Amino acid sequence: MKLNTNSNSYIIIYSAVLVIVVAFLLAFVFQALKPMQDANVALDVKKQVLYSLNIRGLDGKEAEEKYAEVVKTEVEAEGLTYYGCEVDGQIKYVFPLKGMGLWGGISGFISVDDDLNTVYGAYFNHESETAGLGAEIKDSQEWQERFRGKKIQDADGNIVLAVVKKVDNPASQVDAVTGATLTSDGVSAMLQDCLAKYINLFKKNGHGIIQ
């Protein structure tokens with residue numbers, strides 16, 4: 001019996017088999033590449049942690065080695081994660097940050113001195129901010145470096161580190177990215193919300209813990 005390749009049943013069966021075969025191949029490729037993808041994601045996180053410690057310009061192998069050298073512990077407590085580090089013989093803490101920008105999520109890492117009140121370095125990232133405007137929170141190393149030395153808390157323990165359009169207190173404020181007010185506001189809200197949680201965690205569980 002000759003197969004009728006123009007019949008509806010043939011077209012439906014052929015399409016179904018093709019979809020199944022393609023889906024199987026895609027699933028196979030995904031599983032084969034997943035370990036490599038996971039490794040790349042982990043390396044990217046390590047590089048971002050190092051960026052926040054003002055350690056940049058390393059390739060993959062160098063970043064892995066430097067991370068192993070300076071990051072002494074990764075602590076998880078009460079739903080929060082932070083990194084205890086040692087740079088040039090000095091203790092630093094790195095806090096992950098997550099918030100919302102103009103068009104989507106923003107994130108980053110901020111490192112602080114052992115006093116929990118002085119910024120040592122910062123790195124910010126984004127999902128979909130506008131190139132040349134909000135994306136500058138990631139692309140401008142010069143802007144990120146403005147956070148170095150800024151104070152996090154005032155004398156009463158309030159979180160005062162902020163990104164503002166007009167700087168009134170240079171000790172704790174950073175100029176907003178030009179033309180990106182809403183993204184800058186998102187960074188400021190992210191800093192104050194996340195840092196408050198970490199500071200409170202340290203106050204509750206003890207200061208200066210590198211496990």
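Buried means under 20% relative accessible area, exposed means over 50%, and partly exposed lies in between (1.4 Å probe, protein chains only). The model is predicted: local features need pLDDT of at least 70, side-chain atom pairs count only at pLDDT 80 or more, and totals for chains, interfaces and linings use all residues. Residues are numbered from 1 along each chain as its sequence is written, and side-chain values use heavy atoms, with hydrogens and water left out.

**Exercise 1. Salt bridges**

Determine how many salt bridges the structure holds, and examine the pairs Arg146 and Glu142, Lys61 and Glu65, and Lys46 and Glu64.

*Solution.* 

Step 1. A salt bridge requires a side-chain nitrogen of Lys or Arg within 4 Å of a carboxyl oxygen of Asp or Glu. The structure contains seven salt bridges.

Step 2. Between Arg146 and Glu142, the closest N and O atoms are 3.1 Å apart. Glu142 is partly exposed at 45% relative accessible area, and Arg146 is partly exposed at 32%.

Step 3. For Lys61 and Glu65, the corresponding N and O distance is 2.6 Å. Helices here are DSSP runs (H or I, at least four residues), and strands are runs of E (at least two), numbered from the N terminus. Lys61 and Glu65 are separated by about one helical turn, because they stand four residues apart in helix α2. Lys61 is exposed at 60%, while Glu65 is partly exposed at 44%.

Step 4. Lys46 and Glu64 meet through their side chains at 2.8 Å, N to O. Lys46 belongs to helix α1 and Glu64 to helix α2 (residues 60-70), so this pair ties together parts that are 18 residues apart in sequence. Both partners are partly exposed: Lys46 has a relative accessible area of 22%, and Glu64 one of 33%.

**Exercise 2. Cysteines**

*Solution.* 

Step 1. A disulfide is a pair of cysteine sulfur atoms within 2.5 Å. A search of the whole structure finds zero disulfides.

Step 2. Cys85 is buried at 0% relative accessibility, and Cys194 is buried at 9%.

**Exercise 3. Buried residues in a strand and a helix**

Describe the surroundings of Asn125 and Ser184, and state whether each is buried or exposed.

*Solution.* 

Step 1. Asn125 is located in strand β5 (residues 119-126) and is buried, with a relative accessible area of 13%.

Step 2. Contact means heavy atoms within 4.5 Å. Beyond its neighbours within four places in sequence, Asn125 has contacts that include Gln48, Ile106 and Lys138.

Step 3. Ser184 is part of helix α5 (residues 181-205) and is buried at 1% relative accessibility. A polar atom of the Ser184 side chain lies 2.9 Å from the backbone oxygen of Ala180. Setting aside residues up to four places away in sequence, Ser184 touches Val163, Ala176 and Val177.

Step 4. Phe202 is also found in helix α5, and Phe202 is buried at 3% relative accessibility. Phe202 and Leu80 are 122 residues apart in sequence, yet 11 Å apart in space, C-alpha to C-alpha.

Key:
Polar contact = N/O pair within 3.5 Å; in protein donor to acceptor, adjacent residues only side chain to side chain.
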